[in-house]
Each structure stands twice: as C-alpha cells, then as structure tokens.
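Please open the structure in your viewer and keep a selection tool at hand. The tour begins with the whole chain and then goes on to individual side chains.

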Amino acid sequence: KQQRFLTNLFTKILLVEDNLLRETYISLLPKEILIDGNYIRLDYKFISHPTKENHQEMMLILTDVTKEKIMEEQIQDEKETLGMVVKVVTQHHDFSDAVEGYTAFCHKELGKILAWECPVSEKISTLFTIVHTWKGTFGQLGMQHVVKELHGLEEMLAALREDGKGDINQLRECFVSYS
C-alpha cells in the first residue's frame with residue numbers, strides 16, 4: 001500500500017504544473033528513513049533538464065543524520081534526567097513517600113495479594129491497577145526509567161488478564177522476572 005501510495009504521489013508531483021500543489025504533494029513525502037540502524041534525511045529538489053526546455057527532474061538528496069539523532073536523543077535523556085532531579089529536589093516529600101510506599105508494596109503487600117484466597121483473575125486485576133498507579137506516581141516525578149520498567153510489568157499483567165488462563169505460577173513469574 002505504501003509503495004502504491006508513493007508511486008502515485010511521485011507521478012502527481014512530476015506531472016502537476018501548479019507549484020503550490022506540487023509543494024503540497026512533496027510535503028507528503030517521507031522526510032527521514034531508517035536503514036540498517038542509520039537515520040537518513042531525505043530532501044527533494046527540482047532541477048531543470050540541461051537540454052530539454054520546460055522539463056524538470058527531481059533530485060533526491062540523502063544525508064546520514066545518525067550522529068545528530070543520537071546526540072538529540074542524548075540531549076533529551078539529559079533533559080529528562082535533569083527534570084527528574086529538579087522534581088525530586090523540589091518535591092522531596094512526595095518522592096520519599098513514593099519510594100517508601102513502593103518499597104512497602106514490593107516487600108509486603110505483593111506477597112499478601114499473591115496469597116489471597118480468590119481467583120487468579122482478581123489478583124491480576126488488583127495488581128494491574130496497583131502497578132498502573134505506581135507507574136503514574138513515578139511518571140509525575142519524572143522517573144522515566146522506572147515508568148518504562150513498570151510499563152513492561154503492566155504489559156505482562158495485561159497479557160495474563162486478556163488471556164484469561166493465567167495461573168498463580170505465571171503471575172508470580174511476572175514479578176520474579178521484574179527486578
């Protein structure tokens with residue numbers, strides 16, 4: 001579908017005479033692609049044919065922007081880390097409460113919930129809700145690495161919940177594999 005779309009789009013770009021419409025079509029073309037782990041920026045430029053009058057061709061300019069992308073990601077990570085540090089310092093009481101509460105959940109409440117005398121589906125739903133709440137709490141504090149890990153745990157619980165066939169051993173395994 002994408003190949004058909006691009007073929008049709010290039011045909012329109014090359015045949016249309018209205019420059020404004022051509023620019024609109026060009027804006028629909030991809031600006032960047034990923035090839036073998038390298039980020040490649042795509043630029044499109046019309047050039048006049050050297051011998052054929054009123055004949056234009058399109059030149060595709062490929063630029064490897066992998067280093068720039070990596071640097072942008074590092075800058076973004078540093079901004080997020082700085083934001084987290086600022087939130088932890090300015091909201092130290094909230095941070096301390098969150099860490100204390102989460103530690104209590106991991107060391108005390110989790111075991112109690114797993115030992116409940118009820119269907120496994122109820123335990124899964126309860127734990128999913130608790131993990132989701134902790135993910136939100138740590139997200140508010142800008143702790144994106146913790147949020148990412150909790151999201152992975154949440155996905156495992158969601159898969160067990162959706163499957164409907166999860167047993168207590170599978171549920172425990174979710175938390176064993178989650179460090």
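Along its principal axes the C-alpha trace spans about 85 × 45 × 30 Å. The model is predicted, so local features need pLDDT of at least 70 and side-chain atom pairs count only at pLDDT 80 or more, while totals for chains, interfaces and linings use all residues. Residues are numbered from 1 along each chain as its sequence is written, and side-chain values use heavy atoms, with hydrogens and water left out.

Colour next by secondary structure, where helices (H or I, at least four residues) and strands (E, at least two) are DSSP runs numbered from the N terminus. The chain holds seven helices and three strands, in the order α-α-β-β-β-α-α-α-α-α from the N terminus.

Now select Lys135 and Glu154, whose side chains meet in a salt bridge at 2.5 Å, N to O; the term stands for a side-chain nitrogen of Lys or Arg within 4 Å of a carboxyl oxygen of Asp or Glu. This pair links distant parts of the chain, with Lys135 in helix α5 (residues 120-140) and Glu154 in helix α6 (residues 144-163), 19 residues apart. Are these two residues buried or exposed? Both Lys135 and Glu154 are buried, where buried means under 20% relative accessible area, exposed over 50%, and partly exposed in between (1.4 Å probe, protein chains only).

Move on to Glu32 and Lys69, which form a salt bridge at 3.1 Å, N to O. Glu32 in strand β1 (residues 32-35) and Lys69 in helix α3 are 37 residues apart. Glu32 is partly exposed at 34% relative accessible area, and Lys69 is also partly exposed, at 23%.

Stay with helix α3 (residues 66-90), which contributes six residues, the largest share, to a negative patch. The patch consists of Asp64, Glu68, Glu72, Glu73, Asp77, Glu78 and Glu80; patch residues have over 30% relative accessible area and no salt bridge, with like charges joined within 9 Å and nonpolar side chains (Val, Leu, Ile, Met, Phe, Trp, Tyr) within 5 Å. Glu78 is exposed, with a relative accessible area of 57%.

Finally, select Ile47, Met59 and Ile61, a nonpolar surface patch with about 200 Å² of accessible area together. Met59 lies in strand β3 (residues 56-64) and is partly exposed at 33% relative accessibility.

Conventions: Areas by Shrake-Rupley, 256 points an atom, 1.4 Å probe, with all protein chains shown as cover. Lys, Arg positive; Asp, Glu negative; His and termini not counted. Charge placed at Lys NZ, Arg CZ, Asp CG, Glu CD.
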